[in-house]
Amino acid sequence: MIASAFEIVRDNWLLLLIGQYPNGPLGGIAATLILSVLGIVLAFPFSVVVALARLSRRAVFRVPATVLVYVVRGVPMLMIIFWVYFMFPLLLGASVPGFETMLCTLVLYEGAFLSEVVRAGIEALPAGQMDAARALGHSYPRAMWFVILPQALYNMLPSMLSQWVGTIKDTTLGYVINVPELTFAANQINNRLLTKPFEVFLILAIIYYVVCFSLTHAATVLERRIAKRRAGPVVLDPALAAAQ
Amino acid sequence: MKGFDLTAILSNPEFSGMLLHGMWMTFVIAVGSWLLAMSLGILLLVVRLLPSRIADGAVAAYISYHRNVPTLVQLMLWYFGIASLLPDDLQAWLGDHNGESIFAIIALGLCQAAYFSEDLRSGLRSIAPGQAEAARALGHGYIGAMRFVLMPQALRNSMPALVNHTVSLFKNSSLAMAIGVVELTQAVRQVDNESFRTFETYLIASVAYLVCSLLIMGGGALLDQHMKAMGRAEP
């Protein structure tokens with residue numbers, strides 16, 4: 001069984017890595033990673049906007065943002081994929097490829113979840129930060145931009161890394177609308193071989209595990225480092241520190 | 001393009017029947033995998049508390065696998081992969097008895113058990129160590145201290161996380177469509193194919209999902225409040 005698994009990897013490594021590129025669309029791990037990176041990078045500014053709208057005192061901003069977050073939290077991602085899949089061509093009047101459909105869904109979905117992280121990060125800062133910034137003469141937007149957001153976003157780095165892992169896992173759902181990514185490539189291999197489904201899907205699971213586990217581990221290390229830095233340098237003897 | 005008309009779907013007995021059956025399957029899969037996940041999650045926690053490094057490592061590996069591999073891939077591995085290794089008689093029996101739903105419940109349940117177990121563990125870890133010592137000093141055995149002192153507090157601490165993961169389990173039940181279970185999402189696609197009323201069909205299903213998720217969130221918040229109040233009432 002292990003021998004045949006190695007054989008499958010040896011015969012299909014290029015398909016697993018980049019799909020049918022350059023003879024077809026880019027696929028495989030490359031497409032999964034590009035899709036997830038683009039998704040999280042575009043979702044980030046969107047999530048900051050949603051988070052600020054949710055914290056706003058004006059109902060015009062707060063209510064739509066809150067509704068968006070609750071809808072995304074309450075409806076399965078597959079449903080949102082199908083909404084984008086059907087509604088985008090209607091709105092744009094042209095057909096939209098699977099990759100772009102999936103990217104839009106990821107931005108919407110991960111953005112809404114990330115906005116909750118951003119909001120928690122902003123609310124976790126002591127209220128004195130905002131008060132002090134305002135007392136120094138900053139307007140609310142300037143205080144947000146120069147004082148609150150830099151601190152909140154720095155503290156959130158590990159959560160954003162975990163959100164990226166979540167995004168990589170969510171790209172697998174593109175399979176249902178035939179986005180050429182890693183899960184799709186594995187299914188192509190399985191459909192061609194027919195007799196080795198266990199080996200093929202085990203390889204698929206191992207690849208995802210290696211990618212996601214390394215990133216989860218990196219998030220943990222980053223979290224520890226940030227916690228250490230936020231705690232400040234260790235002062236053993238206050239008198240000695242004052243003397244220096 | 002036809003005008004917006006919800007009744008075209010809702011008052012058509014065939015379409016509403018398909019949607020209702022889909023909702024029923026979603027319910028069966030969500031409840032079945034929740035029960036499996038919760039019992040296995042508690043079992044994993046108990047094994048992890050044993051003073052054995054092998055047991056600890058095995059549970060950690062289980063949790064790491066289920067948290068780092070996409071749920072859809074786990075479903076595929078069960079339905080396409082592990083099913084093919086079973087004896088032919090069993091495969092035939094599963095084919096006759098809705099095998100895809102059984103595999104969906106197993107895969108989703110095993111996956112979510114990892115999350116539930118971690119939720120409970122972090123709830124247990126956030127209790128002050130003095131609680132366990134005090135319970136033992138009062139004459140409780142290990143089981144008694146767990147049952148009457150530690151677990152009630154751990155459960156209370158982990159309620160928000162458990163509710164969140166229950167909602168994501170409910171949402172994940174839609175992934176079962178990828179292995180051919182006709183649950184709500186798949187039923188919607190079938191109704192859409194037959195009725196050509198994409199917007200109405202998806203709207204009905206999305207509202208149904210949203211209402212159920214909000215009910216779980218609301219119910220969880222109520223239960224959380226109730227448990228917090230109980231915790232305060234006890235002297």
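Mentor: One term before we dig in: a residue is buried if 20 or more other C-beta atoms lie within 10 Å of its own. Keep in mind, too, that this is a predicted model.

Trainee: Okay, which residues are buried in helix 3 of chain A?

Mentor: That helix covers residues 59-74, and its 16 residues reach 22 Å from first C-alpha to last, close to the 22 Å expected. Going by the cut-off of 20 or more C-beta neighbours, the buried ones in helix 3 of chain A are A65(A), V69(A), V72(A) and G74(A).

Trainee: R119(A) is an arginine, so is it buried or exposed?

Mentor: R119(A) is found in helix 5 of chain A, residues 98-124. Leaving out residues up to four places away in sequence, R119(A) touches A51(A), R54(A) and L55(A). Because R119(A) has 21 C-beta neighbours inside 10 Å, it counts as buried.

Trainee: Moving on to helix 8 of chain A, what do its buried residues pack against?

Mentor: Helix 8 runs over residues 182-193 and reaches 17 Å from its first C-alpha to its last, close to the 16 Å expected. Its buried residues are L182(A), T183(A), F184(A), A185(A), A186(A), I189(A) and N190(A). Their partners come from both chains: helix 1, helix 2 and helix 9 of chain A, together with helix 4 of chain B.

Trainee: Which helix of chain B gives the most to the side that touches chain A?

Mentor: In that interface, 28 residues of chain B are in contact with 28 residues of chain A. Helix 3, helix 4 and helix 10 of chain B each supply at least two residues of chain B's side. With 9 residues, the top contributor is helix 4.

Trainee: By class, how many charged residues are on the side of chain B that touches chain A?

Mentor: Take the classes in turn for that side of chain B: 18 residues are nonpolar and 9 are polar. The charged count is 1.

Trainee: Inside chain B, at what angle do the axes of helix 3 and helix 6 cross?

Mentor: Helix 3 of chain B passes helix 6 of chain B in a left-handed crossing. The contact uses Y62(B), I63(B), H66(B) and R67(B) from helix 3 and L110(B), C111(B), A114(B), S117(B) and E118(B) from helix 6. By class, that makes 5 nonpolar, 2 polar and 2 charged residues. The two axes come within 9 Å and cross at roughly 115°.

Trainee: Zooming out, how many strands does chain B have?

Mentor: Its C-alpha atoms fill a box of roughly 70 × 50 × 25 Å along the principal axes, and 39% of its 235 residues count as buried. From the N terminus on, the elements of chain B run α-α-α-α-α-α-α-α-α-α. That's 10 helices, and the strand count is 0.

Trainee: Last one: what ipTM does the predictor give the complex?

Mentor: For chain B, the mean pLDDT is 91, and 98% of its residues reach 70 or more. For the complex, the pTM is 0.89 and the ipTM is 0.89.

Notes: Residues are numbered from 1 along each chain as its sequence is written. Chains are lettered from A and ligands numbered from 1 in the order in which they are written. This is a predicted model: local features need pLDDT of at least 70, side-chain atom pairs count only at pLDDT 80 or more; totals for chains, interfaces and linings use all residues. Helices (H or I, at least four residues) and strands (E, at least two) are DSSP runs, numbered from the N terminus. The expected span of a helix is 1.5 Å times one less than its number of residues. A residue is buried if 20 or more other C-beta atoms lie within 10 Å of its own, exposed if 12 or fewer, and partly exposed in between; C-beta atoms are placed from the backbone. Two residues are in contact if their C-beta atoms, placed from the backbone, lie within 7 Å. Ala, Val, Leu, Ile, Met, Phe, Trp, Tyr, Cys and Pro count as nonpolar, Asp, Glu, Lys and Arg as charged, and the others, Gly among them, as polar. pLDDT is the predictor's confidence in each residue, from 0 to 100. Axes are lines fitted to C-alpha atoms, for helices over the stretch in contact, and angles run from 0 to 180 degrees between N-to-C directions. A crossing is left-handed if the near helix is turned anticlockwise from the far one by less than a right angle, and right-handed if clockwise.
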